[in-house]
Amino acid sequence: MNLKSLVTLVATLLLTGCSNLSYYSQSITGQLDLMSKRRPISEVAADETVPTATREKLLEVLKIRDFATRELALPDNDSYRIYADLDRPYAVWNVFATPEFSLQPEQWCFLMVGCLAYRGYFDERDARLFAAGLKAEGKDVSVAGIRAYSTLGWFDDPVLNTFLDLPRHQLAGLVFHELAHQQLYIDDDSAFNESFATAVQLAGVRRYLQQYGEASERVAYADQQGRQGEFLALVSATREQLVQLYANAEPDSGKRHAKAEIYQRMRMQYAALRDRWGDYRGYDAWFASDLNNAKLSAVATYRSWVPAFAALLENEHGDFAAFYRAAKRIGGLAPEERKQRLAALSRDGSPVATRRSSRVDSGDPGTAARPNRLP
């Protein structure tokens with residue numbers, strides 16, 4: 001869509017007298033700034049002042065974009081056929097928060113997109129100020145730089161300089177993930193939306209590399225996905241320990257001490273993994289900052305139902321159009337029934353789901369491309 005969509009949002013805000021007007025204002029200002037910098041990729045690629053490496057990557061994106069519609073049945077529009085250089089390392093910064101003794105993420109509800117398990121800002125300073133306020137309330141908080149976000153089809157989302165430097169498989173995965181949010185989005189269910197998009201991303205990257213990847217690239221990708229699987233297993237095991245801890249009747253002081261010990265063990269286990277991985281240091285940045293419930297919760301938001309959606313795609317024999325229809329039917333269920341259906345798919349499809357869940361989006365989860373929906 002175009003500027004008319006933004007005008008509609010502004011008019012809605014004026015009519016509702018939104019109490020979060022300053023937050024919506026930064027969202028609108030940030031989106032307008034991004035839109036003002038967009039140029040068609042064909043125009044950028046023809047510009048001789050643009051570095052050769054940038055032109056080549058943008059042309060690769062066009063190939064990825066056509067593949068997304070042709071092979072994955074994703075929306076055919078101008079998203080990711082335009083480019084914008086934001087002159088900063090991230091598109092937005094997301095704030096995640098949980099209570100001190102819970103892995104349940106805080107929710108923030110917005111016009112147009114419903115409730116989300118994070119809150120996004122175009123300015124890092126604003127994000128960290130908001131995070132500081134939550135931390136002062138005693139919450140566990142995590143702030144993550146995000147390379148890309150989706151407007152869910154309200155606007156044509158551009159390729160950004162913030163992710164153009166990614167390896168080909170990550171670049172393809174990001175485009176597939178963001179377009180998947182345009183394909184299907186369920187209000188008030190971040191875990192459903194992110195897991196669905198991640199499942200499309202994983203299956204899409206495998207197909208893309210099968211058609212266009214070199215043999216060495218496919219091997220390197222598989223190795224990287226194996227490492228990511230081990231990281232996720234470590235996160236899952238740590239979460240289980242914390243859930244048990246928080247459920248007991250021990251005083252807060254005892255829980256606080258035990259919580260610190262669990263996170264310290266997690267660091268030690270990661271160090272062992274890193275030693276076995278050799279020179280790979282992709283998760284060092286994630287472990288370098290505070291480990292807390294919010295950081296683990298952010299990982300779970302993007303991963304919790306991936307095995308279920310992988311099994312659903314398998315049930316549809318890899319037919320993406322049929323898969324989308326089936327996922328939409330599940331999304332239309334009442335929230336509790338939806339969870340039960342996804343849990344059943346995870347159990348019934350566990351052999352397939354386990355194998356696929358180990359082949360996940362690569363890279364440091366603190367800097368990898370995670371989507372964000374800004375109102």
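Modeller: Gln 31 sits in helix α2, which covers residues 21–36. Helices (H or I, at least four residues) and strands (E, at least two) are DSSP runs, numbered from the N terminus. This is a predicted model, in which local features need pLDDT of at least 70 and side-chain atom pairs count only at pLDDT 80 or more, while totals for chains, interfaces and linings use all residues. Residues are numbered from 1 along each chain as its sequence is written, and side-chain values use heavy atoms, with hydrogens and water left out.

Gln 31 counts as buried because its relative accessibility is 7%; buried means under 20% relative accessible area, exposed over 50%, and partly exposed in between (1.4 Å probe, protein chains only). Apart from neighbours within four places in sequence, Gln 31 is in contact (heavy atoms within 4.5 Å) with Phe 122, Tyr 149, Thr 151 and Phe 155. Thr 151 is 120 residues from Gln 31 along the chain, yet their C-alpha atoms are separated by 9.4 Å.

For the chain as a whole, 77% of the contacts with a separation of 6 or more are between residues 24 or more positions apart. The chain has 375 residues, 55% of them buried, and contains 15 helices and 8 strands.

Next, the charged pairs. There are 18 salt bridges in the structure, each a side-chain nitrogen of Lys or Arg within 4 Å of a carboxyl oxygen of Asp or Glu. In one of them, Arg 147 pairs with Asp 165 at 3.1 Å between the closest N and O atoms. Arg 147 is in the loop between β7 and β8 (159–160), and Asp 165 is 18 residues away in the loop between β8 and α6 (168–183). Arg 147 is buried at 13% relative accessibility, whereas Asp 165 is exposed at 56%.

Another pair is Glu 217 with Arg 168, whose closest N and O atoms are 2.5 Å apart. Glu 217 belongs to helix α8 and Arg 168 to helix α6, so this bridge ties together parts 49 residues apart in sequence. Glu 217 is buried at 19%, and Arg 168 is buried at 19%. Through shared partners, salt bridges join Glu 60, Lys 63, Arg 168 and Glu 217 into one network.

Helix α8 also gives the largest share of the lining of the largest pocket, 7 residues. A pocket, on a 1 Å grid over the protein atoms alone, is an open set of points where a 1.4 Å probe fits, with protein on both sides within 12 Å along at least five of seven lines; lining residues have an atom within 4 Å of a point. The largest pocket holds about 970 Å³, a volume being the space filled by probe spheres set on the points, which are joined across faces, edges and corners. Its lining has 32 residues, and Ala 191, Arg 239, Ala 300, Thr 301 and Ser 304 lie nearest the centre. The elements giving two or more residues to this lining are α7 (190–212), α8 (215–247), α11 (293–303), α12 (306–315) and α14 (335–348).
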